[in-house]
Amino acid sequence: NVGNSTSSVPATVNSTEPAPEPEPEPAPPAELTFTAIPGQDESTLLARANAVSAYLENYIQNTCGVNVTVTYNPVTNYEDAVDALLDTVADFGWYGGLTGVQAGLRSPPAVYIAQRVEDKQFTSVFIQGEGMNITNGVEGAEGKSLAYGSASSTSGHLMPAYYLGEADVTPASTIFTGSHDLTVDAVINGTTEVGALNSVVWKNRVAANTTGGTSVYYTTPDFVDYLWVAGSGIVDKWAAIEGASSAAGCENVDTLLTEAFVSADAADPLAQALFNAYSTVGFVAITAGEYDPIEETGCSLGMIEEKYCTEPIPADLGNVGNSTSSVPATVNSTEPAPEPEPEPAPPAELTFTAIPGQDESTLLARANAVSAYLENYIQNTCGVNVTVTYNPVTNYEDAVDALLDTVADFGWYGGLTGVQAGLRSPPAVYIAQRVEDKQFTSVFIQGEGMNITNGVEGAEGKSLAYGSASSTSGHLMPAYYLGEADVTPASTIFTGSHDLTVDAVINGTTEVGALNSVVWKNRVAANTTGGTS
């Protein structure tokens, strides 16, 4: 390499100049290590690890000006993952809710770093084998063979078992497969009749078309789940890295890691790769006490050591600088109890709504993503804590009136409803649109077995389903193009949403239907088109 060669000619023995001292070897780069519960297949875990290492190394270099290698130390079972922070196998790790609480309790004072947006409202799903038709929800596991993932998994065991117990349901037998993916495989190959796993892994299997005929028959209520946890040893390790703590924002490594994850921006290719690897739209900070219910449930089911269940939750277990102690003041203390801190004023609020053009879970997922992103953006840009709250409506007319009636400060609309809402609440402002909305389309779909080949004229004389009467892409524009072609359906109905339009064609309520192309693409990706095309 340029300027890096050395001569192989030995120094002259009788030279009057002393031989120069050899250059010292450069110090190896400093290192932080992390681990992860082995809840998915090895290739997924490795892809995630590579994304974390690349993102954090770049972030620390740019923020703190030091070269730190971020190394993944895998473990083969959940118990080793839980002990990794205590045993200093890793400085921080990716855990499920239960294992994160366990790891933090074993390595005090641990810190909860961050969680994905989706982990604020996580769910598990119960799946059934091909050909089964369970219709009675959680009770469908009664008397059946059931596969869990790991015994230490929050979403693959703890919470599914909790909801079975709440419903007084007793499976005929249970096995632990060790991971969510292996639970799906166990149901596919008939090892068990039903299985419980986390909803994100299930959605990934659906998207990859690897469900093998299995299907969901019950989804649990929401709970908090996955999170990043840093062990107590990381503080001293960071302090020993030369120059690491000297830059602004780098003094506290726990705060640094929280900020790294929370400030990740999809415009950064390394951050987007991180989001893709973790099936998320972003990471958010953790509220103090948010994981207390997980600890309480783990204790009630005997899945957390009794010594932790009989002691107060450590004051310093929780998000950076955000925990409060549950230890009462000593009654006979000679020092007067300090005056309680005044309750902080509730944060300011902006509200938003959205037309109910898709299923409730999609609307809620979108709302959570909007709230998390805008709250973070406003905090970072304006320095104020503003809560961005979703106020749902049940029909398009209420959405249109929401700005006028101050049910919402802003909203997500279709073209027609957006124009209507703006006209009713002057002076309104059109804020932004998706890239795709510059060139949007609607699609006409046909029932299974039909073979319409004459384009828009194929709706002539057929029963047709629209979405909402106020929908641009689910009614206004499809009706416009039918009129332009002088096409008259035999009958029309309004289903109320794009998803319900697809369902109407699937179940034969109508022969054809019109909906927006993005919803259709999502149905195709989720393999829920039911033979329509």
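Two cavities of 30 Å³ or more were counted in the structure, a cavity being a set of points, on a 1 Å grid over the protein atoms alone, where a 1.4 Å probe fits but cannot get out. Grid points are joined across faces, edges and corners, and a volume is the space filled by probe spheres set on the points. The structure is a predicted model, in which local features need pLDDT of at least 70 and side-chain atom pairs count only at pLDDT 80 or more, while totals for chains, interfaces and linings use all residues. Residues are numbered from 1 along each chain as its sequence is written, and side-chain values use heavy atoms, with hydrogens and water left out.

The largest cavity has a volume of about 100 Å³. Its lining consists of 14 residues, of which Q40, R48, N198, V201 and Y226 are the closest to the centre; a lining residue has an atom within 4 Å of a point. Helices (H or I, at least four residues) and strands (E, at least two) are DSSP runs, numbered from the N terminus. By class, the lining of the largest cavity divides into seven nonpolar, five polar and two charged residues. For this division Ala, Val, Leu, Ile, Met, Phe, Trp, Tyr, Cys and Pro count as nonpolar, Asp, Glu, Lys and Arg as charged, and the others, Gly among them, as polar.

For the second largest cavity the volume is about 50 Å³. Its lining is made up of F34, A36, L45, R48, A49, Y72, W94 and Y278. Seven of the lining residues are nonpolar, none is polar and one is charged.

Open space was treated separately, a pocket being an open set of points with protein on both sides within 12 Å along at least five of seven lines. The second largest pocket holds about 910 Å³ of space. Among its 31 lining residues, V284, A285, E375, N376 and N385 are the closest to the centre. Helix 8 (253-262), strand 11 (283-284), helix 12 (360-382) and strand 14 (386-390) each give two or more residues to the lining. The largest share, nine residues, comes from helix 12. The lining of this pocket has 14 nonpolar, 14 polar and three charged residues.

Overall, the protein has 17 helices and 19 strands. Of its 533 residues, 44% count as buried, that is, under 20% relative accessible area, against over 50% for exposed and in between for partly exposed (1.4 Å probe, protein chains only). Contacts (heavy atoms within 4.5 Å) were also counted by separation in sequence. Residues 24 or more positions apart account for 75% of the contacts with a separation of 6 or more.

The largest nonpolar core contains 71 residues, and L56, I60, F92, Y95, W228 and W238 touch the most other members. Such a core is a set of buried Ala, Val, Leu, Ile, Met, Phe, Trp, Tyr and Cys residues joined through side-chain atoms within 4.5 Å. Helix 1 (residues 42-64) gives the most to this core, nine residues. Beyond its neighbours within four places in sequence, F92 is in contact with residues including L32, F34, L56, W228, I234 and L257. A second, separate core has 12 residues, among them F126, I134, V138 and Y217.

Helix 3 (residues 97-106) is largely enclosed by the rest of the structure, because 10 of its 10 residues are buried. In helix 16 the buried residues are H498, D499, T501, V502, A504 and V505. The elements they pack against include helix 13 (396-401), helix 15 (472-484) and helix 17 (517-525). The N-terminal end of helix 16 is capped by S497, with a side-chain oxygen 3.2 Å from the backbone nitrogen of L500. After helix 16 comes G508, whose phi is positive, near 85°.

H498 lies in helix 16 (residues 498-506) and has a relative accessible area of 4%. The side chains of H498 and N516 are joined by a polar contact of 3.3 Å. A polar contact is a pair of N or O atoms within 3.5 Å; within protein, one must be able to donate a hydrogen and the other to accept it, and residues adjacent in sequence count only if both atoms are side-chain atoms. Leaving aside neighbours within four places in sequence, the contacts of H498 include G357, Y396, S471, L515 and V519.
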